[in-house]
Amino acid sequence: MTGDHQRANRPQLSLHVPEPKYRPGDEVDFSDIEVPAAGSARRPEPGDNPSEFHELAYGLVRVLDEDGKAVGPWDPRLDPDSLRTMLRNMALTRAFDERMFRAQRQGKTSFYMKCTGEEAVSVSAAMALAGDDMCFPSYRQQGILITRGYALIEMMNQIYSNKGDKLQGKQLPIMYSSREDGFFSISGNLTTQYPQAVGWAMASAAKGDSRIAATWCGEGSTAEGDFHSALTFATVYRAPVIMNVVNNQWAISSFSGFAGAEATTFAARAVGYGIAGLRVDGNDPLAVYAATHWAAERARTNQGPTLIEHFTYRAEGHSTSDDPSGYRSAQEWTKWPLGDPIKRLKDHLIALGEWDEDRQAAMDQECADLVRKTQKEAEKNGILGHGLHQQFETMFEGVYEEMPWHLKEQQAQMIAEEQASGRPWDRK
Ligand SMILES: Cc1ncc(C[n+]2csc(CCOP(=O)(O)OP(=O)(O)O)c2C)c(N)n1
Ligand SMILES: [Mg+2]
């Protein structure tokens, strides 16, 4: 036994409590963030052993340089039409976000989440995957649905929880779900989608299917146990899955240091599991495309999973319930060294001679008009606060394939009580 007197000469222990560098009102200087030159990262073969390219988990795969040129071995060499489609998918995502954010402020829905500045992470990845690959997103990858051509009105109906809402108001606004589009139901419980994606990928392989899975979580969410168990299963069974960590620097008001960013990169989590790890400039749409394409080929040829960290920045508040001016400097987004993904792709197309400012302005206008017109249509199906949009008793349905006896009993009791009350619910 060690007595108090024997401990007297030992140094006192202390904890390190991470603190973000900049708080509201501070002058921001991001010059200590290492930004390797575009084109400088090497591109291994998708089948190479992860131990041979550990450095890619600590660097940054970048394709677009400061002059808007695509350079280096990761250049996916997309044709101009594909580049314009990518640009429009990102612009439409941003226009959709703007409109729905405003709808929340107008009291038409209770909640919305933007992905401003992170459009490439979902749009470019969705374009690099096959249309029938299965996605397990977090709540900030609306760009996947938009890229896959999911009807904007269906998204809006869900946001308004109105009578057109296919999920019958059972989910929080923006927590979409579409089996037909390979878009797994979004869950508010962080990182549950990780083990689900790995499990789905394992099942796909076990059944001899050819479809792979992709999942996304935020950097804050990597602190969840689910993240680590998913990585263990993925590496052990070489599951055909792409695991994306969207490092947008913030988890609501907690900066990335609380999830471990002061000690190492998030892509480096892959190293400990023997998984291929890539750290990518998340604001470079071509780098995101190329990395996803590489990882998809790896998964599709049974070479194993890939963990991709997308280094990016959450330009707006966490959600409509958040006010970032209370915890971070307003300058951060404008000083972010990796810029804006939409502007970078636009500049690239202009540098190629395949685009110009007038066409950009016309495209932005077309996206804004489309979103506004669709919103009007969606609002015909109802908005928040205008009575019940779904039959109340449907809240018991759609969870179990066959409703269990106790739910049947509760549903019948609820209907009986409603009728007995003499105050039937206002059904719109
Ligand atoms: C298990 C769980 N813990 C906490 C929360 C509350 N919560 C919702 S979003 C969030 C921050 C997540 O940040 P990050 O993973 O970085 O994703 P981002 O919002 O930046 O895209 C937290 C703590 C939750 N929804 N689920
Ligand atoms: Mg985050």
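## Domains on record

UniProt lists "domain: Dehydrogenase E1 component" (unreviewed entry) for residues 88–383. In this predicted model, the end C-alpha atoms of residues 88–383 sit 28 Å apart, and the span is 43% helix and 11% strand. Helices here are DSSP runs of H or I with at least four residues, strands are runs of E with at least two, and both are numbered from the N terminus.

The record also has "domain: 2-oxoisovalerate dehydrogenase E1 alpha subunit N-terminal" (unreviewed entry), placed by UniProt at residues 11–45. That span is 0% helix and 0% strand, with its end C-alpha atoms 50 Å apart. A caveat on both: UniProt positions follow the numbering used here, feature names are shortened, and annotations may be inferred rather than shown by experiment.

## Ground rules

Residues are numbered from 1 along each chain as its sequence is written, while chains are lettered from A and ligands numbered from 1 in the order in which they are written. Since the model is predicted, local features need pLDDT of at least 70 and side-chain atom pairs count only at pLDDT 80 or more, while totals for chains, interfaces and linings use all residues.

## Around ligand 1

Ligand 1 is surrounded by 16 residues, and the closest are Leu190, Gly218, Gly220, Ser221 and Ala251. (To be near, a residue needs its C-beta atom, placed from the backbone, within 6 Å.) The elements giving two or more residues to this shell are β2 (213–218) and β4 (250–251).

By class, the shell holds six nonpolar, seven polar and three charged residues. Nonpolar covers Ala, Val, Leu, Ile, Met, Phe, Trp, Tyr, Cys and Pro; charged covers Asp, Glu, Lys and Arg; the others, Gly among them, are polar.

Two packed helices are described by the angle between their axes and the distance between the axes. Axes are lines fitted to C-alpha atoms, for helices over the stretch in contact, and angles run from 0 to 180 degrees between N-to-C directions.

Take α3 (residues 119–128) with α9 (residues 285–300): the angle is about 45° and the axes are 8 Å apart. The pair is therefore oblique, the label left over once under 35 degrees (roughly parallel), over 145 (roughly antiparallel) and 65 to 115 (roughly perpendicular) are taken out. The contact (C-beta atoms, placed from the backbone, within 7 Å) includes Ala120, Val121 and Ser124 of α3 and Pro285, Val288 and Tyr289 of α9. Its residues split into nine nonpolar, three polar and no charged.

Helix α2 (residues 80–105) packs on α3 at about 135°, axes 10 Å apart, and is therefore oblique to α3. Met86, Asn89, Met90, Thr93 and Arg94 of α2 meet Glu119, Ala120, Val123, Ser124 and Met127 of α3. That contact has five nonpolar, three polar and two charged residues.

## Helices α5 and α12

Helix α5 (residues 152–160) and helix α12 (residues 357–379) pack at about 50°, with axes 9 Å apart, so α5 is oblique to α12. On the α5 side are Leu152, Ile153, Met156, Asn157 and Tyr160, meeting Val371, Thr374, Gln375, Glu377 and Ala378 in α12. The tally is six nonpolar, three polar and one charged.

How values were computed
Two residues are in contact if their C-beta atoms, placed from the backbone, lie within 7 Å.
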